[in-house]
Amino acid sequence: HKWFDRYHLLYYSFNTTATYPDVDRHFHAPTIYERLPDRFTVSIQNPVRRGVTRTIDNWATGGLRWFFRQYHAFDSLMPTQFELIGKLANQTGRWPALIHAYHPALDEIGHQHGPDSDAYRDTLRNVDRQIGRIRRAVEAAGMAERSYFIFLSDHGFVGVPDGQHFDVSAWLRVERGQVVAD
């Protein structure tokens, strides 16, 4: 959750509990939730939430797991939230038109260890297990036949040898005098 504003040459980091909710103020395009204003939508652990009907975060248990770098345990909380969505659907009388669930561990491990690492492959297997749990929770709610699962990534990972990449953070620090939080 880091962003470089090329128009103002400013760097933002949304990686702390204090800055995480601020991401919605730093872009102006309508969110998918704003494009579905009359629909019941749910966001799970997603920093982009402007316009969503219901946000589900795991700050108490998830925040501690993330702080202690227990990334697999953090991602394993996600399927439990789908059980909560089933309960919400029963209370409201409607299933969400859109559920956006964010699994941050794979991205974090990819940045830390690279896409060719055992840690990355192990984390990918964990995400696959969690997706299986989500599928079972949707089935238990009786919505599997009426649901679509779409998997997206904010970027891919490709192994790049040391010395063959450009460090934007370092450039901003040295050339522009910007204070950049890594």
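Guide: In what follows, Ala, Val, Leu, Ile, Met, Phe, Trp, Tyr, Cys and Pro count as nonpolar, Asp, Glu, Lys and Arg count as charged, and the others, Gly among them, count as polar. The model shown above is a predicted one.

Visitor: Which residues line the second largest pocket?

Guide: The lining consists of Trp-3, Phe-4, Asp-5, Arg-6, Tyr-7, His-8, His-26, Phe-27 and His-28. The pocket holds about 170 Å³ of space.

Visitor: How do the residues of that lining divide into nonpolar, polar and charged?

Guide: Four are nonpolar, three are polar and two are charged. Trp, Phe and Tyr belong to the nonpolar class, whereas Asp and Arg belong to the charged class.

Visitor: Why is His-103 called buried?

Guide: The term buried requires a relative accessible area under 20%. His-103 has 18%, and therefore it is buried. His-103 lies in the loop between strand S5 (98-101) and helix H4 (105-113).

Visitor: What is His-103 in contact with, leaving aside its neighbours within four places in sequence?

Guide: Its partners are Asp-75, Met-78, Gln-130 and Ile-134. Contact here means heavy atoms within 4.5 Å.

Visitor: What makes the phi of Gln-45 worth a remark?

Guide: Most residues other than glycine have a negative phi. Gln-45 is not a glycine, yet its phi is positive, at about 55°. Arg-69, likewise not a glycine, has a positive phi of about 60°.

Visitor: Where do Gln-45 and Arg-69 lie?

Guide: Gln-45 is in the loop between strand S3 (41-44) and strand S4 (54-56). Arg-69 is in the loop between helix H1 (59-67) and helix H2 (71-75).

Visitor: How do you know whether Gln-45 and Arg-69 count as buried or exposed?

Guide: Buried means under 20%, and exposed means over 50%. Gln-45 has 3% relative accessibility, so it counts as buried. Arg-69 has 56%, so it counts as exposed.

Visitor: Which residues have the most contacts inside the largest nonpolar core?

Guide: They are Val-42, Ile-44, Ile-56, Phe-82, Ile-85, Trp-95 and Val-138, in a core of 15 residues. S3, helix H3 (78-92) and helix H5 (118-140) each supply at least two residues of this core. H3 gives the most, with five residues.

Visitor: What does Phe-82 touch, not counting residues up to four places away in sequence?

Guide: Phe-82 touches Ile-44, Ile-99, Ala-101, Ile-134, Ala-137 and Val-138.

Terms used
Residues numbered from 1 in each chain as written. Predicted model: local features only at pLDDT ≥ 70, side-chain atom pairs only at ≥ 80, totals over all residues. Heavy atoms only, no water. 1 Å grid on protein atoms, 1.4 Å probe; cavity = no way out; pocket = protein on both sides within 12 Å on 5 of 7 lines; lining within 4 Å. Points joined across faces, edges and corners; volume = space filled by probe spheres on them. Helix = DSSP H or I, 4+ residues; strand = E, 2+ residues; numbered from the N terminus. Buried < 20%, exposed > 50% of the residue type's maximum accessible area, 1.4 Å probe, protein only. Core = buried A, V, L, I, M, F, W, Y, C linked by side-chain atoms within 4.5 Å.
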